[in-house]
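I opened the notebook with a few elements to look up. The entries follow in the order in which I took them.

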Amino acid sequence: MSVYILASASINPVTELRDTLLPAAAARPEGRRCAAREPDYKMYIADANVRRRMSRVMKMGVAAAVQCLSQTGRQPDAIITATGWGCLSDTEKFLRNVLENGECLLNPTPFTQSTFNTVGAQTAIVLKNTNYNTTYVHRGFSFENALLDAMMRIREGEAVQALVESYDEHTGASFKIMERMGFWRQGAVCGEGVQCFVLSAQPGAGGRVRLRDVLCVFGGELQPLREKLALFLQKHRLRPEDVDMLLSGSAGKDSGCPYCRMVEGVFKTVPVARYKPFFGDYPTVSSLALWLAGRLIAQQQAPRWLLDAPPEQINRIVIYNHYKTKNHSFLLVEREQ
Amino acid sequence: MEIIVSGVGIVSGIGFGAAETLAAMAGRRAGLGGLTLFDSVYRDVFPVAEVKAGNRVLKQRLGLPEGKTFSRTALLGLLAAVEAVDDARLPLRKGLRVGFVSGTTVGGMDRSEGFYGSFLLHPGGGRLRDVAVHDCADSTEEMAVRIGATGYMATVSTACSSGANAIILGARLIRHNVVDCVVAGGVDALCKFTLNGFASLKILDDAPCRPLDESRAGLNLGEGAGYVVLERKSADSPGAYCRLAGYANVCEAFHQTASSPEGHGPYEAMRQALASAGMVAEAVDYINFHGTGTRNNDLAEGNAVKRLFAKRVPFLSSTKAFTGHTLGAAGGIEAVLSALAIKYGLLYPNLNYTRPVAEHGLPPVTGFRQGVEINTVLSNSFGFGGNDSSLLFSKV
């Protein structure tokens with residue numbers, strides 16, 4: 001069940017939304033947090049009143065969707081959204097108001113903007129799009145859930161083009177709480193970002209990059225993960241060395257956790273790019289990796305900050321990610337020859 | 001491929017399990033009462049439909065260790081999910097790839113809001129285990145592991161249509177051969193966050209809610225869970241409740257928290273659900289309304305029904321005066337009620353009804369009725385953000 005990636009857009013801590021090429025240089029964030037580089041929203045959401053009423057994460061989601069859809073020039077037949085953390089900022093704002101104001105005289109706006117489907121719903125309202133619309137909120141599977149749904153809609157003939165959007169934002173409190181939980185040990189950086197993709201069964205003018213398959217594996221044991229990865233490669237008649245690059249979900253500079261070590265070991269002859277030290281980590285970060293894979297394949301060039309020894313050609317990329325040791329996922333991306 | 005419902009599980013303010021739920025329906029016993037689960041200034045202001053047991057008792061029912069932290073959401077979900085898989089005899093049927101899809105609006109907020117109060121006083125305050133269960137997927141993973149449904153899992157959050165959209169995804173996962181069988185539905189626990197959210201929107205009624213009534217003045221919140229077991233119809237599938245004959249998900253793209261008065265979104269959800277099943281409106285015997293009791297919803301939904309069912313309006317009622325509005329669970333709970341209505345030939349009363357809504361005048365069923373031939377039921381779930389979904393169940 002493969003689909004073409006017709007268009008993509010990303011708001012992340014490294015690149016600008018309007019950038020078409022990956023930068024030649026990128027700095028690691030100072031400290032343990034990195035913030036997404038927000039665009040000039042006027043460029044994407046013309047109505048000042050609409051902009052003023054939106055939260056930061058809503059604006060990021062809508063701006064990325066508008067920029068992504070400008071590449072296809074067509075209404076999507078489905079809007080499928082993914083988030084792990086949700087609209088944290090408004091959730092906290094409302095909760096703080098409840099506690100500090102003794103449940104009295106509350107402004108309902110942060111409540112209505114705290115719901116997880118806010119970004120997908122706002123995107124639909126701005127686009128005036130009444131098609132299929134849903135939101136997935138399953139930790140490190142949220143984006144993968146959304147991708148599979150889009151692939152099924154396309155296969156069902158219900159969607160010619162599906163918009164998949166992911167968003168996650170962090171706040172001071174969420175950073176602190178996860179710090180207390182030990183999330184940011186071993187070099188991990190707290191990140192955030194919004195990614196959008198237009199997927200279709202038919203290739204478009206934007207190129208012939210295909211998302212061939214998505215695999216989700218639940219559970220903390222290494223051996224079943226190793227076996228499922230082997231079966232996944234077998235299903236696609238691939239040997240590890242047929243892959244040009246592994247985008248590894250390792251949080252730090254080196255392979256870190258046992259899962260990344262195992263996966264990087266399977267692909268030991270393949271260049272490994274560890275992107276999280278630059279872009280940070282969050283539940284839907286595999287969407288950032290997919291966006292990055294599309295860019296790398298289109299450019300046929302990997303910047304030095306990402307990879308010391310870039311491969312000669314970049315036609316096939318495996319993305320591996322895991323969230324909190326339980327949600328493991330693999331995405332297989334390739335350029336059609 | 002025909003998708004059947006082979007098991008159901010339900011818990012709400014009117015009881016634990018399908019039998020207690022139907023007994024309450026027959027006895028017209030609503031689940032509404034005073035708030036006891038947490039302190040709130042709204043304690044004696046707004047009636048709510050609590051599941052009638054504290055977390056300690058819920059853990060005992062489930063055989064869970066008292067010392068381990070679970071969100072109430074996970075506990076309510078576990079009760080219904082375990083009932084559903086036992087009902088479909090899944091534990092006895094080996095070799096099935098079982099998936100789990102759950103809808104929820106606030107996940108483990110019932111615990112994290114307690115944490116956050118202490119955290120606000122001091123950044124080192126609050127017990128981490130209370131906030132570790134905050135996210136929406138925590139309850140999903142607890143349930144999936146307990147019922148052995150880790151073949152594929154997903155959590156859906158589209159406000160009040162979460163449970164319905166979980167069921168739609170479940171059916172599609174089977175059609176696409178991702179898994180053989182899916183447990184799908186929704187769950188939500190009452191919490192201060194939600195209560196204050198709906199209070200701030202001024203759409204809570206301080207009296208028992210009156211869906212489809214001219215005097216309706218808002219909704220009552222409830223909590224609970226409802227899951228169905230979905231699988232493809234085959235020779236060896238056990239006695240099925242009904243088929244999931246059709247479904248549709250649309251977005252009204254009108255307003256963040258309101259429906260258009262004409263009910264364009266509800267109309268399209270119902271129309272497309274019928275079309276997906278290849279059925280005409282006249283085939284529907286009963287509509288389980290979203291029917292929250294707010295001015296806006298019952299106007300929009302009723303107008304949409306009147307337009308789509310212009311030739312003949314089916315039996316209709318909202319069951320939310322029994323269960324309260326259980327938000328992410330509503331689509332799951334009402335799917336279970338729809339399946340039971342078909343299997344046992346039941347119609348559920350719309351409580352607290354006296355006068356028709358002026359604009360559409362649709363009269364709901366007011367008495368509990370059994371022995372009625374119910375072949376097809378339409379179940380509506382409409383959420384904030386215009387996420388409108390309809391499920392169509394029909395006799396096997």
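**Helix α10 of chain B.** I started with what lies over the buried residues of α10(B). The cover includes α9 (264-277), β10 (286-288), β11 (315-317) and β14 (376-382) of chain B. I keep in mind that this is a predicted model. Next I listed the buried residues of α10(B) themselves: N297(B), D298(B), L299(B), A300(B), E301(B), G302(B), A304(B), V305(B) and L308(B). I then checked the length of the helix. α10(B) covers residues 295-308, and its 14 residues should span 20 Å at 1.5 Å a residue. The end C-alpha atoms are 20 Å apart, so the two agree.

**Strand β14 of chain B.** How many of its residues are buried? I found seven of seven, and I noted β14(B) as mostly covered. I sorted the side chains by direction. T376(B), L378(B), N380(B) and F382(B) point one way, while V377(B), S379(B) and S381(B) point the other way. Residues on both sides are buried.

I looked up the partners of β14(B). With β10(B) the pairing is parallel, over three bridges. There I287(B) stands opposite L378(B). With β15 (residues 387-394) of chain B the pairing is antiparallel, over seven bridges. In that pair I noted D388(B) as the bridge partner of F382(B). β14(B) and β15(B) make a hairpin with four residues between them. In the turn, G385(B) has a positive phi of about 80°.

**Helix α7 of chain B.** I moved to α7(B), residues 162-175. It has 14 residues and reaches 20 Å from first C-alpha to last, close to the 20 Å expected at 1.5 Å a residue. Is α7(B) enclosed or open? I counted 13 of the 14 residues as buried, so the helix is largely enclosed by the rest of the structure. N177(B) follows α7(B) and has a positive phi, near 60°.

I then looked at how α7(B) meets α12(B). Their axes come within 5 Å and cross at roughly 65°. I wrote the two helices down as roughly perpendicular to each other. The contact uses G163(B), A164(B) and I167(B) from α7(B), and G331(B), G332(B) and A335(B) from α12(B).

**L327 of chain B.** I stopped at the loop between α11 (320-323) and α12 (330-344) of chain B, where L327(B) lies. Phi of L327(B) is near 55°, a positive value in a residue other than glycine. L327(B) is buried, with a relative accessible area of 5%.

**R139 of chain A.** R139(A) is not a glycine, yet its phi is positive, about 40°. I placed R139(A) in the loop between β3 (132-136) and α6 of chain A. Buried or exposed? R139(A) is buried, with a relative accessible area of 11%.

**Helices α6 and α11 of chain A.** I listed the contact: F143(A), E144(A) and L147(A) on α6(A), and S286(A), S287(A) and L290(A) on α11(A). These residues divide into three nonpolar, two polar and one charged.

**Strand β1 of chain A.** I looked up β1(A), residues 3-11, for burial. Nine of its nine residues are buried, and I noted the strand as mostly covered. It pairs with β5 (residues 193-200) of chain A in the antiparallel sense, over seven bridges. A7(A) stands opposite V198(A) in β5(A). β1(A) is also joined to β6 (residues 209-218) of chain A by two bridges, and these strands run antiparallel. V3(A) stands opposite L211(A) there.

**Q337 of chain A.** My last entry is a residue in the segment after β10 (327-335) of chain A. Q337(A) is exposed, with a relative accessible area of 75%. I also took its separation from A188(A): the C-alpha atoms are 37 Å apart, for residues 149 apart along the chain.

How values were computed. Residues numbered from 1 in each chain as written. Chains lettered and ligands numbered in written order. Predicted model: local features only at pLDDT ≥ 70, side-chain atom pairs only at ≥ 80, totals over all residues. Heavy atoms only, no water. Expected span 1.5 Å × (residues − 1). Buried < 20%, exposed > 50% of the residue type's maximum accessible area, 1.4 Å probe, protein only. Contact = heavy atoms within 4.5 Å. Nonpolar A, V, L, I, M, F, W, Y, C, P; charged D, E, K, R; others polar. Pairing = 2+ DSSP bridges. Axes fitted to C-alpha atoms, helices over the stretch in contact; angles between N-to-C directions. Parallel < 35°, antiparallel > 145°, perpendicular 65-115°, else oblique.
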